Amino acid sequence: MAMQQEWADKDYYGDLGVSSTASQADIKKAYRKLARENHPDSNPGNKKAEEKFKRVAEAYDVIGDEQKRKEYDQLKSMIGSGGFGRFGRGGASGFPGGFRGTETEFDLSDIFGSATGGQAGDGGLGDIFGGFFGGRGGAGRNARPSRGADVETEITLDFREAAKGTTFPVELTGDAPCTTCHGSGSKSGKTHTCEVCSGSGYIRENSGAFGMARPCTNCHGTGEVIEDPCTTCNGTGTVRRTRSITVRIPAGVIDGQKVRLAGQGEAGPNGTPAGDLFVMVHVRSDDTFTRSGDDLEVTVPVSFAEVALGATIAVPTLDNPVKVKVPAGTPNGRTLRVRGRGIPKKSGNAGDLLVTVEVKVPKDLDPSATSALRAYAQAEKDSGFDPRAGWSER
């Protein structure tokens, strides 16, 4: 089933909290904010936040893409108007749902563009139907599918692979171009106009006051008949085959995001373009890192002496460790920011590394360490330092 069929009951603008006239920049800004607030790493065990995160990712996948947003807007506009408008010479209203007048002729070829001579890409209803029904609608001169079917698959990546970007091998089974006829469906490439439908791709059937049209079964809606069908693919131009492709996953992909690979779906019949491949990405959690938007978060254990006296510590990143200066007197739980060492961005820059220090207290001390600590404790007391000064008065 084409992905656009899932759009009818969705309110993607509402999911992102933006208006239908919002700019692409505003949509991207809203998506990043909501994705950061509802990310599973920031809301462990929160099913409501997880569902919100998935809806936000799905919404951005559609209206964050200008072409898919255009198709989505067209679909919602037609649904909101109460149907697909008025068609036919006498005016058919509320498709589906009845016709006006007893002499109305409802011809599907008018919808798909053949009656007006429309061609694929002219912006008419043929293009809209082709988008809504996965390229199998029949934009242009006949009922022939304009492209192959879209394909969806899922992969699971480690946190660091998703953050830095990677390539991932995917094995797909589906329609691929026939290597014998190079996808044409014909041994020699010779065709002639279908004598059954006169090249229209449709056969009209009259029933009472109405005229309906259906794809021609002789030419399968192409309007042309292959004179010498390829014996390998039986004239379809495609064969079922298992193939392996390498998917490039961009840096910074988040859990639940879909990556679109144009033209990597199933091959179209008789040389028409292939559909698209949509890869749903799942991301495993990491033992060291979490993320907040484009920022990378890490908690680093430190000693009391390091935060009291100050120190320079090594902190892991997605690449090589980085040196971070811990100022003297740093309290437990303080977060230090390292610019540009977070999640890579499309712009070529990167988010920040947020380093939270966590003081670790030793459980066992040898006699010399115990003696030194007792001496320090006495010196601390003599200096007048009281860690609970003013605490009981709050």
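**Exercise 1.** Find which residues of helix 2 meet which residues of helix 3.

*Solution.* Take helices as DSSP runs of H or I with at least four residues, numbered from the N terminus. From helix 2 come Gln-24, Ile-27, Lys-28, Tyr-31, Leu-34, Ala-35 and Asn-38; they meet Ala-49, Glu-50, Lys-52, Phe-53, Val-56, Ala-57, Tyr-60 and Ile-63 of helix 3. Contact means heavy atoms within 4.5 Å. Sorted by class, this contact has 10 nonpolar, two polar and three charged residues (Ala, Val, Leu, Ile, Met, Phe, Trp, Tyr, Cys and Pro are nonpolar; Asp, Glu, Lys and Arg are charged; the others, Gly among them, are polar).

The model is predicted, and local features need pLDDT of at least 70, side-chain atom pairs 80 or more, while totals for chains, interfaces and linings use all residues. Numbering starts from 1 along each chain as its sequence is written, and side-chain values use heavy atoms, without hydrogens and water.

**Exercise 2.** State how helix 2 and helix 3 are oriented.

*Solution.* Helix 2 (residues 24-38) packs on helix 3 (residues 47-63) at about 160 degrees, with axes 9 Å apart. Therefore helix 2 is roughly antiparallel to helix 3 (an angle over 145 degrees).

**Exercise 3.** Name the element that gives the largest share of the lining of the largest pocket.

*Solution.* Helix 2 gives the largest share, five residues. By class, the lining has 10 nonpolar, six polar and 13 charged residues.

Definitions and conventions. Axes fitted to C-alpha atoms, helices over the stretch in contact; angles between N-to-C directions. Helix = DSSP H or I, 4+ residues; strand = E, 2+ residues; numbered from the N terminus. Parallel < 35°, antiparallel > 145°, perpendicular 65-115°, else oblique.
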